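Me: I'd like to learn how to read a few features in a structure. Could you take me through them one by one?

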Amino acid sequence: MQNQNAKKILVTGACGYIGSHTVVDLINNGYEVIGIDNFVNSDDSCLNGIEEITGVRVKNYEVDLCDLASTKAVFEQNQDIVGVIHFAALKSVPESVLQPLSYYHNNTESLINLIEAMDCLNVRNLIFSSSCSVYGNAEELPVTESTPMKEAQSPYARTKQIGEDLLRDLGQTDSKIRSILLRYFNPAGAHPSGLIGESPLNTATSLVPVITETAIGKRESMMVYGDDYITRDGSCVRDFIHVMDLANAHTKALQYLFSNEEIPPAEIFNLGIGTGVTVLEAIHAFEEVSGQKLNYKIGPRREGDVIAIYANPAKAISKLGWTPTFTIEEIMRSAWRWQMRTKGLYESS
Ligand code: NAD
């Protein structure tokens, strides 16, 4: 049972990868949660995992946020919503290069509709899932919140820049909606129980699920896109952040919104752990914790990939009181546990 006196939070994309882990963190911190997810890249099976972990069955509304009337109806039926975390979006960089229209359509229209619905029902607090991809090929590393945004390298990244611009513009008006923009670096790993994890319906393109799917035999082999970049081993550099650390940053960001009346409009926070790991180093970390040799090949560079990016998370640490705790090894261990569980090879206790 959810705590009926708790603040009610709407999580869009609640059945997706980061959404489902954040739902767990919110419930564990005493919030009541409802979700909206149209299952374009998920199904409702994670609701069982969330229930096993928290003891709470979360209600998800199967609504497409591009449908304004249905989105408003959710708010009308839940007039006690006090905050929204907006995860719902299409997120594959290569797919966005092939299908830009569906990315612009889904990611911008869903945000606009959500804001309209919040506005109608006087819901003030919004957290927006942004991405380090808004920095493009950043000129300085590590990236701080004031590092200039460069040209987006994909239509997906451009939809995140547009979402941010929209919320910044809104913040300059007398709109009552206050927003926080969280720029994630590379979310990875799974809940330590192995009961929820990353299981996209669409083909996984993020590195860690590609690694674990290869190790379990779902893919014959995997490709490392480029080993001739100017990095320490020639492969791209990323800042892998455990999904439970990331989830907790959302809870902290909500608490920050609730306890600070005056915040800068559309305030930005970088969420990474501040350490760059190369793609080849990540593969070797997986091989070490799993004891599996990975069948990977070196291929050409991939369109839309930035060369190297990692965060300076000092602002989130000091202003949100957030502390990331998981290492790359723990990321790999939990992702592997989740992958084995989906194959019935691991039983959580
Ligand atoms: P995900 O695909 O696992 O989850 C997104 C969920 O939103 C899915 O369950 C999908 O069904 C739902 N959804 C999409 N469009 C919808 C719509 N119009 N109406 C209702 N539901 C809809 O993705 P994720 O990895 O959990 O990412 C969450 C957010 O974080 C996204 O906005 C993504 O762009 C952003 N982000 C993700 C990463 C990453 O590597 N995973 C990195 C940076 C930013």
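**Salt bridges, core and cysteines**

Reply: Let's start with a pair of charged side chains: R124 and E261 meet in a salt bridge, 3.3 Å from N to O. A salt bridge here is a side-chain nitrogen of Lys or Arg within 4 Å of a carboxyl oxygen of Asp or Glu. R124 sits in the loop between α5 (100-120) and β5 (125-131) and E261 in the loop between α8 and β11, so the pair ties together parts that are 137 residues apart in sequence. Helices (H or I, at least four residues) and strands (E, at least two) are DSSP runs, numbered from the N terminus.

Keep in mind that this is a predicted model: local features need pLDDT of at least 70, side-chain atom pairs count only at pLDDT 80 or more, and totals for chains, interfaces and linings use all residues. Residues are numbered from 1 along each chain as its sequence is written, and side-chain values use heavy atoms, with hydrogens and water left out.

Me: How many salt bridges does that rule give?

Reply: The count comes to 17. Another one joins E139 and K150, at 3.6 Å from N to O. E139 and K150 lie in the loop between β5 and α6 (155-171), so this pair links parts 11 residues apart in sequence. D305 and R302 also pair up, at 3.0 Å. Then there's a network, where bridges that share partners join E164, D165, R168 and R183.

Me: Which residues have the most contacts inside the largest nonpolar core?

Reply: A nonpolar core is a set of buried Ala, Val, Leu, Ile, Met, Phe, Trp, Tyr and Cys residues joined through side-chain atoms within 4.5 Å. The largest one has 40 residues, and I50, I180 and L271 have the most contacts inside it. Elements supplying at least two residues each include β1 (8-12), α2 (46-54) and α8 (243-259). The largest share, 8 residues, comes from α8. Leaving out residues up to four places away in sequence, I50 touches several residues, among them S20, V23 and I196; contact means heavy atoms within 4.5 Å.

Me: How many disulfides does a search of the whole structure find?

Reply: A disulfide is a covalent bond between the sulfur atoms of two cysteines. The cut-off is a pair of cysteine sulfur atoms within 2.5 Å, and the search finds 0. For C66, the nearest cysteine sulfur, that of C15, is 17 Å away.

Technical notes:
Buried means under 20% relative accessible area, exposed over 50%, partly exposed in between (1.4 Å probe, protein chains only).
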